Amino acid sequence: MHHGGQLNSAGGELPAVERQVAREAARWLLRLGSGRATDADVRACDQWRASKAEHEHAWQRAQRVNERFGLIPSALGMATLNRPELKPRRAALKTLVALIVAGPVGWAAWRADPLDWTADYRSGAGQRRDITLADGSTLQLNTASAVDVAFDASTRLVRLRAGEMAVHAVADAQPGARPFVVRTALGDIEAPPSRFCVRQDGVQCQISVQEGRVRAGRAGRMVDIAAGQQGTLTSTGALGPAPADPHAGDWTRGVLHAGQMRLDAFARELGRYRQGVLRCDPDVAHLRISGAFQLADTDAVLAALPATLPVQVRYRTPYWVTIGPRDSAA
């Protein structure tokens, strides 16, 4: 029996799933998608699935949820799973359970803020999306990102709900020159005509400016960030400016740049552009990788890894991939 094995054929509906069993399946999906699951975890999940037919039904339903919505991998790591008091963990678990129980009929009507499906614009895993706003400003959404846009008589507001985007803010043609503001969970970015990238990632938000100048932070605690600089928004305030990472915007060209990056960090970053789980075995996590990698074909990137590193890429399914040590016989 294999993780992510064949789903029920021809889109046939699986039997109903009890909430308690759905909760167990959701916990397994989160744990195995954390990037830190062990082989013992995989075996334990296999045993759980094999113990009862309803467990296997719940797991297949969970897999179908994941394939459709790309919920795993997510920002939830093992540390989060081990801290049940955290609101994001509780919200994610609740959402997964609800979707597993609801089935396809319920999925069509799902509207849950934690995963941003009500956003005005969003992109799927591995997708980049270009958006032209009413004032002529443009946004480019990176993989798995979501924004709301609210222009009124006084403000041009873009709310980054999840992920990453590149912004080209232009001067307002309307009388009164409405300010252009990007709102994140950690503060605002006030942008006169400028080009910048912003990435909201858990407990921080990174801003890298390519042209012009922006101000970022919360009221009374703003920092100026000029072209060639970057800043960071955290729960305690704005940090910076500092020299910008020259590769912060490489994703807009479909490129992932790695400069002596740890392999586990590389896998996490590459995994953002794939549906399913991309896991790095702890035995090879410390290896370093450099290069410019084309994001249009992440399978090709993975296939090339053994040529430069002593690793082997194992596909349990197209949605469950592990980078591990090379077999001694290989």
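Alanine 144 counts as partly exposed, because its relative accessibility is 41% (buried is under 20% relative accessible area, exposed is over 50%, and partly exposed is in between, using a 1.4 Å probe and protein chains only). This is a predicted model, where local features need pLDDT of at least 70, side-chain atom pairs count only at pLDDT 80 or more, and totals for chains, interfaces and linings use all residues. Residues are numbered from 1 along each chain as its sequence is written, and side-chain values use heavy atoms, with hydrogens and water left out.

- Alanine 144 isn't a glycine, yet it has a positive phi of about 50°.
- You'll find alanine 144 in the loop between strand 3 (138-141) and strand 4 (146-151); strands (E, at least two residues) and helices (H or I, at least four) are DSSP runs, numbered from the N terminus.
- Glutamine 260, also not a glycine, has a positive phi of about 50°, and it sits in strand 14 (residues 255-262).
- The peptide bond from glycine 240 to proline 241 is cis, with omega near 5°, and proline 241 belongs to strand 13 (residues 237-243).

**Strand 6 and its partners**
- Strand 6 (residues 180-184) is largely enclosed by the rest of the structure, because 4 of its 5 residues are buried.
- Strand 5 (residues 156-169) pairs with strand 6 in the parallel sense over 4 bridges; pairing takes at least two DSSP bridges between two strands.
- Strand 7 (residues 187-190) runs antiparallel to strand 6, joined by 4 bridges, and a hairpin of 2 residues links them.

**Helix 6**
- Helix 6 (residues 263-271) has 7 of its 9 residues buried, so it's largely enclosed by the rest of the structure.
- Its buried residues include Leu263, Phe266 and Leu270.
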